[in-house]
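Here is a short tour for anyone meeting this structure for the first time. Take a look at the picture, then read on.

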Amino acid sequence: MTIYRANDERYQRLEYRRAGGSGLALPALSLGLWQKFGADYPFERQREIVLHAFDLGITHFDNANRYGPPHRAAEQFFGRVLRADLAPYRDELILTTKAGNPIGPSPYLRGGSRKSLLASLDHSLRDLGTEYVDIFYHHRFDPSTPLDETVGALVSAVQQGKALYVGVSNYPTDRAREAAALLRSAGVPLLVHQPRYSIFDRTPETSGLLDLASAEGFGLVAYSPLAQGLLTDKYLDGAVPPDARAAASAFLKPEQLDDVYRERAAALNKIAHDRGQSLAQLALQWVLRRPEITTALIGASSTGQLDHNVAALDFPPLTDEDLARIDQYGIHGTAQRS
Ligand SMILES: NC(=O)c1ccc[n+]([C@@H]2O[C@H](COP(=O)([O-])OP(=O)(O)OC[C@H]3O[C@@H](n4cnc5c(N)ncnc54)[C@H](OP(=O)(O)O)[C@@H]3O)[C@@H](O)[C@H]2O)c1
């Protein structure tokens, strides 16, 4: 294995945006390790993608106890890369983890209890091989646990020095409002909310989450901005390339590539072409057009995809006319299961 030395030009490429009213800036594009960073994928390929991302200025790597397969494998993988390559750059990395989505049958391996959140965080820190994460998230609102208890666990994580900031993910807007108020009164402001947001999933617009983020001063980390690859040109003809996510993922099925999807994706692809860019680049610019969005959190299965997606930031902003055209086909729920 060659010794890694980060690209000296790495901070020239990307824009860094403040997360809400905080002092923390995140790169406009961030990399998540949800898919293809488990134990079932070649380590050297995964390592190359992570190091290439860092060389491009992607400082923010999103993880969770659940990511694999098996669960926890993506954090164990990242721990290997941190030890072998990125340890000298730890101060330049924003590492996250999440807990709360089920990772096993035990009642302590799910939900929002103090027990499950803090035990999982300790486990993640061991797997990642770091003394702290930069952002610790509750992965999904848990109606069976008092919000006070969940928020108290997030506050403890910060007080114990195990997390610098806290976030919530997939929280309904009214619960995010309550969590933000509780966290503020505990002196640990909500840094970010992580919702799904793309041309095909416009829930954050209709649910009031974008408005809440600007009113409360937290940032939004928009996940699956490419709708898991549906907003790229790879499925336009309705076929599934053998190495694509829809070929092997429980979360994206070939049945989703129906006639409605193909029609809308083709129309969006035409708009992208008229602007001289790809559908993926249009989709990323579209998510980032909103100032409430701190970063678009992408996945990647090759370094080429990272280069291509980072190049989205080189195009002129979308015009009102582009946005009106996109609205005709950017219809909530198209092909993206909610
Ligand atoms: N909080 C939550 O509950 C939650 C849920 C889901 C995701 N997330 C986070 O968000 C991250 C990103 O989610 P995501 O992977 O669904 O994001 P995405 O950016 O919508 O989809 C990424 C996938 O699209 C394909 N792709 C990317 N760029 C491409 C390009 N230029 N051309 C063609 N195909 C391209 C790749 O898949 P293939 O090449 O394999 O087809 C890639 O893995 C996750 O890793 C995770 O950190 C959070």
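Which helix or strand gives the most to the shell around the ligand? That would be α11, with three residues.

## Ground rules

This is a predicted model, where local features need pLDDT of at least 70 and side-chain atom pairs count only at pLDDT 80 or more, while totals for chains, interfaces and linings use all residues. Residues are numbered from 1 along each chain as its sequence is written, and side-chain values use heavy atoms, with hydrogens and water left out.

Helices (H or I, at least four residues) and strands (E, at least two) are DSSP runs, numbered from the N terminus.

## Around the ligand

Back to that shell: α11 (303–310) and β10 (293–298) each supply at least two of its residues. There are 31 residues around the ligand, and Lys36, Asp62, Ser224, Arg245 and Ser301 come nearest. Being near here takes a heavy atom within 4 Å.

Lysine 36 puts a polar side-chain atom 2.6 Å from a ligand oxygen. Glutamine 228 uses a polar backbone atom, 2.9 Å from an oxygen of the ligand. On the side chain of asparagine 309, an N or O atom sits 2.9 Å from a ligand nitrogen. On its own the ligand has 910 Å² of accessible area, and the protein covers 94% of that; these areas come from the Shrake-Rupley method with a 1.4 Å probe.

## The nonpolar cores

A nonpolar core is a set of buried Ala, Val, Leu, Ile, Met, Phe, Trp, Tyr and Cys residues joined through side-chain atoms within 4.5 Å. Buried means under 20% relative accessible area, exposed over 50%, and partly exposed in between (1.4 Å probe, protein chains only).

The largest core holds 94 residues, and Phe61, Phe78 and Leu86 touch the most other members. Helix α10 (residues 279–288) gives the most to this core, with eight residues. Apart from this core lies another one of ten residues, including Leu26 and Val221.

Most residues other than glycine have a negative phi, and most peptide bonds are trans. A cis bond joins glycine 68 and proline 69, with omega about 10°, and another joins proline 69 and proline 70, with omega about -10°. In the loop between β4 and α2 you'll also find arginine 72, which has a positive phi of about 80° and is buried, at 8% relative accessible area.

How values were computed:
A polar contact is a pair of N or O atoms within 3.5 Å; within protein, one must be able to donate a hydrogen and the other to accept it, and residues adjacent in sequence count only if both atoms are side-chain atoms.
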